[in-house]
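Visitor: I would like to learn how to read a few features of a model such as this one, with the cut-offs stated as we go. Could we start from one side chain and its surroundings?

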Amino acid sequence: MSDQSLSPVQASSTLWIALRSRSLILGLVLTLTFVAAALISFVWVPYDITTLDIANKIKGPSALHWLGTDHYGRDILSMIMQGARTSIAVAVLAVGIGMLIGVPLGLWAAARRGSLLDEVIMRTNDLVFAFPSLLIAVMITSAFGPSATNAIIAIGIFNIPVFARLTRSSALSLWQRDYILAARVAGKGAARISWEHILPNITNMMIVQGTIQFSLGILAEAGLSYVGLGAQPPTASWGRMLADSQTFISFAPHMALFPGLAILLTVLGLNLMGDGLRDLFDPKLRRGRT
Amino acid sequence: MTETDMSLLTIENLSLSIHGTAILHDVSLSVAPGQILGVIGESGSGKSMTAFASMQLLPEGARCTGRISLAGHEVLSLTEAQMCGLRGKAVGMVFQEPMTALNPLKTIGDQVAETILMHEKISRRDAMTRARDALARAELPEDRFPMTRYPHELSGGQRQRVVIAMAIALRPALLIADEPTTALDVTTQAQILKLLTRLVREDGMGLLIISHDLAVVADMADEIAIMQRGRVVERGPAKTLFQTMQHPYSRALLAASTHAPDRTPGINDDALLVVQDVVRSYTLPRKSLFGAPRVIQAVRGVSFQIRRGESLGLVGESGCGKSTLTRAILGLEKVQSGEITLGGQPVFTGHRPNPEVRRRLQVVFQDPYGSFNPRHRVARLVTEPFHLSENPPQGAARAAAIAEALTAVGLSPEDQHKYIHEFSGGQRQRIAIARALITRPDLIILDEAVSALDVQVRAQILDLLADLSERFGLTYLFISHDLSVVRSITDRVLVMKLGEIVEQGQTEQVLDAPQHPYTQQLVAAAPRLPENV
Amino acid sequence: MIRYTLTRLTSLILSLVAASVVIFAAIEVLPGDPASVMLGVNAQEDTLAALRTELGLDQAPVERYLTWVSGMVHGDFGVSYTYRTPVAQMIVDRLQVSLPLALYALALTVLIAFPVGIWAASRRGSFADVSVMGLTQLGVAIPNFWFAMLMVLVFAINLQWFSAGGFTGWGEGPLLAIKSLTLPAIALALPQASILARVMRSALLDTLSEDFIRTARAKGLTRRQALWRHALRNAMIPVLTIIGMQFSFLLAGGIIIENVFYLPGLGRLIFQAISARDLIVVESVVMLLVFAVVMVNFMVELAYAFVDPRLRVRR
């Protein structure tokens, strides 16, 4: 009714917008590079990492081994490529668990807002939230022994309340919209409304959050493998490579440098992509949030 | 003496662009001490932007040219620091949305005192004393509204008084009020307008009041300026402007403000909707694990009937229970006692709403922007009510139904392939009406359906509604807070207060000779255009 | 305020009870026979029987749970199977490293994030803002244990400013102890500070676009004054939430970082216990960490009410 409301501090500078779309591209390039590395590793790696080559152990980067070799003489580039597989698989599955369980729970809680069911779902979420994924992994490992599956379950469980909370809070605000009321007037039930009207309108937000949880999953997987709670040898994993490199760090820093960089760049790529996607989906947020 | 010399605020040939987009073109206005200037325009006319330009509270990327003189200062040549010295001291401002205009974390006393502390080197104690005076002048005496209150403990009207107290605490020469009552109920609106007028008269302050509503401004302003698309198209003394206005836009605006659609009611005698002794109460969430739940009675024993072909108005202020009643009629909520029947059949049978009845009952909501799922195309949006039918039309029949509904509301059948964001507010409201029409209902509930529209669009939608009611034999329940709209489109009216109907009767009769004190208060508070236009 | 506190306190206790049930179920009930987990597959039947009696495994799980919980309430966490010492004593020893580390890291996080976040928000869109936010983007992406290794390489091995690991203990004087916790604390804090600075910045920017900021500006406040007097406190709500969550990340992350620096904290204890299959120790340490997380959340919720008057009356 009035002219658009304006705050004195508003309208972000074009500098941000330009940088943001550039960050989306950079993020995509980084992410796709590592996804490609993981995929290529299924058919080809420079060296077989199951063969040990003690004669060539702990060599720095060279024309033969671009990123050098480790303490068993294995090619670090090959191990990083296969490690990308582990990282990405664990993170993707963990995000999948979180979404497949968390989103329906959030939708359900929002549809029955204020009810006992809502209360129970949200309290349970709070409870799960009190267990950092590392602690879940510790518990699972002490009961069943370490493995990549444990890492997936531990990170996945931690993702459930993340998605459930986000879904519930965005669904709650959508439930206030008149078009939901119109759908109720048209006799549609809560399940149908959630499916037809709520879910499509939170998909973008879920994609953004999924990207962020994906990157957190990569970090968590690296941490778990580093302390031996994740993927076990002979499966290559970035966190394990770092753990192995620690003893040699004073005279073979390349062993620590490259796997760490791989983690850093993948996570950075995913985060940039998440930020970029958020801006793309919602221009109102075009101001560089977390 | 020239106009400039005696003015508090003089705007000459002001042009404004934001990031290169032109917003204002050659705007010239002036306000003298003790004078009230009303600026009127529809959305996008640039009226608020003119106000923000005077305060230099503009968004980034804004560029002004021309001249703004404020209490003897050339605003456009002042530095930001100098401007900060003027804001709050020489000029105060009141905003549209009182619910969000105050910092929720600070007491009202602190927030009013802050204005004083910003500009004068006095102790906090003294500032609080003067804040108390300012609040008292804004009719929030300390014995009833302690200064330690937080904004959330006050109603919308009371919060607006706090904002006014902040704006007048230093007795500025000029007050700018941007749609100060748009978010408020009509009786509160009347009180706030009265307060502003009193403050102007007492202090000899100038007032620039911005509104979309001709009637609001006509009542109180000395001078009126009408804006359209960033230009002032008409200016003149309020007393004579309505007679002398020349510009086609101003005339169209005035015509639309007083517009009443031609209606030839075809009322039958049989009651279509019967509401009998309906009671609906809510249990509020418990305040603690151990406390007793609180119960709010939203609708207390309401009874009325709507005859077939009739247009019935329902007026009342926010919180009177009209939304609850609407939801009960729509079968969205069960009532605790009483019965609602449409054509003799109950809206609710057992624990489930009755689909048979609901098909004959549709609704149009207030907000043209929130009423549609942005991810569906128009065809899917308008056919949603078919969900109530046991065998909804398929294929060609469905296409024909869509085309017919869209044509009926003045849109093209081709529009069904578009998304909702491709339409303007008025067009969206037409689509909402098409959605309501598609099941060929008997009764349509219009829940503040024209309240969010600009006055010219509102007139067109009212015409459309009158036309449709004749063509399809529709019955309307028209819920509104706006008495002039109710007068123009309804046959009978109900007045609701605190969950009860306090008065009902023929619309003309109730609005011209109200019997109940509350109705009298409402009618008296409603802003009115001068009789002779 | 009292009512709010009581409600929160009730849910705190409920959370703790639920958490203890989950932990007990996951570690003692799910794997079947804890005794054979602890002793491995090749254990002698009589050793197993002895351990079962020692752990009270002949009792029903409900009874065992109640014994475990009532023991913890009295400060009795049981006896470690591998070390043969009371778990409570071990935890107290290790806490002298882990708790100061977490608090040190939290302090660093806040001390870095607040100024950076506020500074970036007040210069929004400037070159400084864009470059600082770019740096935090890196900080968010860096794995903290890798960052710790790099710091060891640079500051301990090459520059020799710090020792590469180990803990001098508080007996040798607090300064030395703090010095040996400094690299680990920085490794923990920098990534978290990056996250918090971004949250701080965006919360501030959100608040700065609120109507009441415009009201404040119309009173004559400068942008800066509006930010400090009105925006900051309103932006604290999301910031407090994140700080609460970060504390649990710092505690858990501490477990990993202690590994890099060979610090004798809870993290080392828990990994030694896992490899020795000492379930009693694992269970107790996990419970302790969850207790810390729940307590911190409780304090954050009390802090909300302190910041926001609306919460003091509602609920």
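**Contacts, burial and packing**

Guide: Leaving out residues up to four places away in sequence, Gln209(A) touches Val162(A), Phe163(A) and Leu166(A), where contact means heavy atoms within 4.5 Å. This is a predicted model, in which local features need pLDDT of at least 70 and side-chain atom pairs count only at pLDDT 80 or more, while totals for chains, interfaces and linings use all residues. Residues are numbered from 1 along each chain as its sequence is written, chains are lettered from A and ligands numbered from 1 in the order in which they are written, and side-chain values use heavy atoms, with hydrogens and water left out.

Visitor: Where is the place of Gln209(A), and does Gln209(A) count as buried or exposed?

Guide: Gln209(A) lies in helix α7 (residues 190–226) of chain A; helices (H or I, at least four residues) and strands (E, at least two) are DSSP runs, numbered from the N terminus. Because its relative accessibility is 17%, Gln209(A) counts as buried, the classes being buried under 20% relative accessible area, exposed over 50% and partly exposed in between, with a 1.4 Å probe and protein chains only.

Visitor: Which residues of chain B is Asp442(B) in contact with?

Guide: Asp442(B) sits in the loop between α15 (425–437) and β19 (443–447) of chain B and, at 17% relative accessibility, is buried as well. Beyond its neighbours within four places in sequence, Asp442(B) contacts Leu272(B), Arg308(B), Arg360(B), Gly473(B), Leu474(B) and Thr475(B). Thr475(B) is 33 residues away along the chain from Asp442(B), yet their C-alpha atoms are separated by 6.1 Å.

Visitor: How many residues of helix α11 (residues 322–329) of chain B are buried?

Guide: In α11(B), 6 of the 8 residues are buried, and the helix is mostly covered; the buried ones are Lys322(B), Thr324(B), Leu325(B), Thr326(B), Ala328(B) and Ile329(B). Just after α11(B), Gly331(B) takes a positive phi of about 75°.

Visitor: How are two packed helices described?

Guide: One gives the angle between their axes and the distance between the axes. Here, helix α5 (residues 87–122) and helix α6 (residues 127–141) of chain C pack at an angle of about 140°, with their axes 8 Å apart; axes are lines fitted to C-alpha atoms, for helices over the stretch in contact, and angles run from 0 to 180 degrees between N-to-C directions. That angle makes α5(C) oblique to α6(C), since under 35 degrees counts as roughly parallel, over 145 as roughly antiparallel, 65 to 115 as roughly perpendicular and the rest as oblique.

Visitor: Which residues meet in that pair?

Guide: Val116(C), Trp119(C) and Ala120(C) in α5(C) meet Ala128(C), Asp129(C), Val132(C) and Met133(C) in α6(C).

Visitor: What does chain C contain as a whole?

Guide: Chain C has 13 helices and 0 strands, and of its 315 residues 55% are buried. The C-alpha trace of chain C spans about 80 × 55 × 35 Å along its principal axes. Of the contacts in chain C between residues at least 6 apart in sequence, 72% join residues at least 24 apart.
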